[in-house]
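Have the sequence and the model at hand as you read.

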Amino acid sequence: MRSRWGWGFEDAAIDARAAAPAIAGVLGFELDGAVEEPVALERLRIAGPRVEPPRGSLGAICSTDRAERVAHAYGCSYVDAVRSLRGVYEHLPDIVARPRDERDVEGLLAWASAANVAAIPYGGGTSVVGGVEARVPGRFDGVLTLDLGVLDALHEVDVVSLAARIGAGAAGPRIEERLRAHGLTMRFYPQSFELSTLGGWIATRAGGHFATRLTHVDDLVESVRAVTPSGVWASRRLPGSGAGPSPDRLLLGSEGVLGVITEAWVRVRRRPDSRAARAVRFPSLLRGAEAVRAVVQSGLTPAACRLVDEVEALHTGTGDGSSAVLVLGFEAAGRPVEHELWAALAICREHGGEWDAPAGARAGDGAVRTWRAAFLRMPYVRDAMLRLGVLAETLETAITWDRFPSLHEQVTGAVREALGEPCRVTCRITHVYPDGPAPYFTVLAPVRRGDELARWHAMKHAAGEAIIAGGGTITHHHAVGRDHRPWYDRQRPEPFAAALGAAKAALDPAGILNPGVLIDAPVPSAS
C-alpha cells in the first residue's frame, strides 16, 4: 500500500525511532529526540470538490473521494512530504479520473476545456519538483487529475528491431516483468523505478541506469503517441530521421503541458549476462572526477560510473569516509566485459585510484552491492530523517568539465551559507559525458519543527542562483515542474520560450494542461 504522506510503500518504510541513533551517528549532529507522527487521513480537514464530474461513461471513471484526492495532491519532494506529514493540503484536485483508453483521455480533455478545469497528467506521482501538484492559477474553476495507471499494457514486441510498444502508465517493475518473458529488458532504472512510469519518464526526460551514453530516456524513445486538446499526436516509428524538427523531441520533457502521453515505442535490449564491477578509491572527489573524465573521453562507456565524495561514501556504507569512491561497472549481452573494466581501471590507477578486489570478478565487490542497495533505500531514509527533524534534500545539475570544480565550490558554499551550521553538503556524480558531469548534491541539516519550508526555500533559492551563475542547468533529470520555473525561465532562450508558447496555444487553446509548469499559457479571450 502506498504511503499517504511519504515515499513508496508503507511496509517498506524505515522505523524512524529505531533508526534515530544510527542516523545521528552518521550525520554527526544532535537530534532533538522527537519522532513526528503523520496526521491520520481521517483527521484531515479537506474542502469538498468545487466542480462535479462529467456525466455518462466519463463519470464512471471519475472519483471525488477524499482519499483519492489526497493521494493525488502532491508528488514526492521534501516539501511535499513535510506538508503531507502534517496534513497540510492547500491545493487538491477536485476530481481524479482513471482513463481506460485514449477515447477516455480525449473525452476528459474536451470536458475540461469546456468546463474551465485544469487537467494534470499523473503517472507514478514521483515528481520532486512540484510537477503534479494541483497548484494552478485562480482563473480555473477546478482541477482534474488524470491518473494513467490503467494504460500499462505491453502492446507489441518487435524482436527483430529490438523495440516494444508500451502503455504510458506502466511502472518500471511491470515493464521489466513483461519484457523478461521475451528475454528482453528496457534496462532503465531511475531511483524512482519502483513507482515511476514510462509516460512520466518521457514527459520529464528522466535519467536512468546508464551513467554514460544511454543516460536519458531520450536515447530509448523510438516514437511517442499523445492526446492533446487539439487532436492525437503520433510520430512515425523510425530508428532516426532528418525530416525537420523531431515531433518526439518536443514531447520529451514537455511535462504534460502539450499533451497526455498514452504510449510509446521504446528501444529494448537482450538481458545482460556479462558483468564486471569494482569500487575504486580516490583521495578526493576532484581527483576522482579527473579519472572519470579520462575514462569517458577514452571512448569507454561503463554502465555504472558514479563517483561519491568522502562523506557520502561514509553515509552509504560504500567507504569509511577517508576516500571518494567510484562505483565502476560494465555489462553486456553475449560478450565478455572484463577487458573493458581492466582498461578503465588502468586509467583510474593513473589518476591515483586504488581498489581491493582483483579486477574481472563477475559479480563485483561488496562496496558496489552496498552502494546499489543504499541508492534504492535513500528516499525511505529521507522520510525517516524528516520525522526526526532533519532537512534532507537533493539538487542536481550538469556542467562542462572545465567549470565543474568552481560550480561544486559555489553550490556547496551557497547552501552552507543559507542554512548555517551544522550542515552537511555531499556530492556525487551520477552521469558522465565526454564534455561534462552531472553533479548531484545532497543537503542535510537540522531544522526547527515548523520552520522546514522557510529553510528549504532559502536553501533552494541560494542553490538555484549558484547553479545558474556557475553556468549549469537547473535540472539534469529531475525536470522543471513548478519549483524550478524561476531558473528555467532564465536558462532558456527567449525566442524558444515564444516558440514553446505558440506550440502550447496551438495544441491547448484553453490552456488547461498542467498550468504553471514550463510556461505560462496565454489566457483565452472571452470571445
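## The second largest cavity

Which residues line the second largest cavity? They are Asp152, Ala153, Leu154, Ile166, Ala170, Arg174, Ile175, Arg178 and Leu179. Here a cavity is a set of points on a 1 Å grid over the protein atoms alone where a 1.4 Å probe fits but cannot get out, and lining residues have an atom within 4 Å of a point.

About 40 Å³ of space lies in this second largest cavity; a volume is the space filled by probe spheres set on the points, which are joined across faces, edges and corners. Helix H5 (residues 172-180) gives the largest share of its lining, four residues.

## About the model

This is a predicted model, in which local features need pLDDT of at least 70, side-chain atom pairs count only at pLDDT 80 or more, and totals for chains, interfaces and linings use all residues. Residues are numbered from 1 along each chain as its sequence is written, and side-chain values use heavy atoms, with hydrogens and water left out.

## The largest cavity

The count comes to two cavities of 30 Å³ or more. The largest has a volume of about 110 Å³, and of the 13 residues that line it, Thr394, Leu395, Glu396, Lys460 and His484 are the closest to its centre.

## A buried threonine

Threonine 145 has 0% relative accessibility and therefore counts as buried, a term for under 20% relative accessible area (1.4 Å probe, protein chains only). Its contacts (heavy atoms within 4.5 Å), leaving aside neighbours within four places in sequence, include His72, Pro93 and Tyr122.

How values were computed:
1 Å grid on protein atoms, 1.4 Å probe; cavity = no way out; pocket = protein on both sides within 12 Å on 5 of 7 lines; lining within 4 Å. Helix = DSSP H or I, 4+ residues; strand = E, 2+ residues; numbered from the N terminus. Buried < 20%, exposed > 50% of the residue type's maximum accessible area, 1.4 Å probe, protein only.
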